Amino acid sequence: MLDNRITAMTGHQPNQATGKDIYGNDAPEINIEKLCSAIVANTRVLNPMDIKNFDDVLKEELEFDGVSVIVAKYPCALLPNQKKTPYKVDNCKNCKRCLQLGCPAIIPEENGVYVDNTLCNGCGLCASVCPFDSFHVEEKQ
């Protein structure tokens, strides 16, 4: 279950998990973790940006003989209040691991990749999957 604090598919409206209604007014906040835990005993809340841990737990839960819920909780990178520090690439080894993310900001080139800063939202997934530490936050000039 995705808890990114927004309903993005329909236009970035708040939802009951944020404590706001569709018009931005205060509303009773639904705690997704507690709701799931009341129905399914095996409920876990994870940060999907921690890819290694998330993959490990996902494999574990797929092996679990029963019902389980994983709540992937992380704010939507497209929300206006999210940090948007673009990344740059230094010394790319052209392993193409970052391209597996499907990020539109990562552009393949003959000898590696570069980051299109007009598309980068600063989520940092590229840096977390790069085995060569080639992605770095671009310093503001």
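I read the order of elements along the sequence of the protein chain first: β-α-β-α-β-β-β-β-α-β. That comes to 3 helices and 7 strands, taken as DSSP runs (helices H or I, at least four residues; strands E, at least two) and numbered from the N terminus.

I noted that this is a predicted model, in which local features need pLDDT of at least 70, side-chain atom pairs count only at pLDDT 80 or more, and totals for chains, interfaces and linings use all residues. Residues are numbered from 1 along each chain as its sequence is written, and side-chain values use heavy atoms, with hydrogens and water left out.

I looked up the dimensions next. The C-alpha trace spans about 50 × 40 × 20 Å along its principal axes.

I then checked burial. Of the 141 residues, 28% are buried, meaning under 20% relative accessible area with a 1.4 Å probe, protein chains only.

I listed the largest nonpolar core, which has 12 residues, including Tyr87, Ile106, Val115 and Phe135. A nonpolar core is a set of buried Ala, Val, Leu, Ile, Met, Phe, Trp, Tyr and Cys residues joined through side-chain atoms within 4.5 Å. At least two residues of this core come from each of β4 (87-89), β6 (112-115) and α3 (125-129). Another core, of 6 residues, lies apart from it and has Ala17, Ile32, Val40 and Val71 among its members.

Key: Buried < 20%, exposed > 50% of the residue type's maximum accessible area, 1.4 Å probe, protein only.
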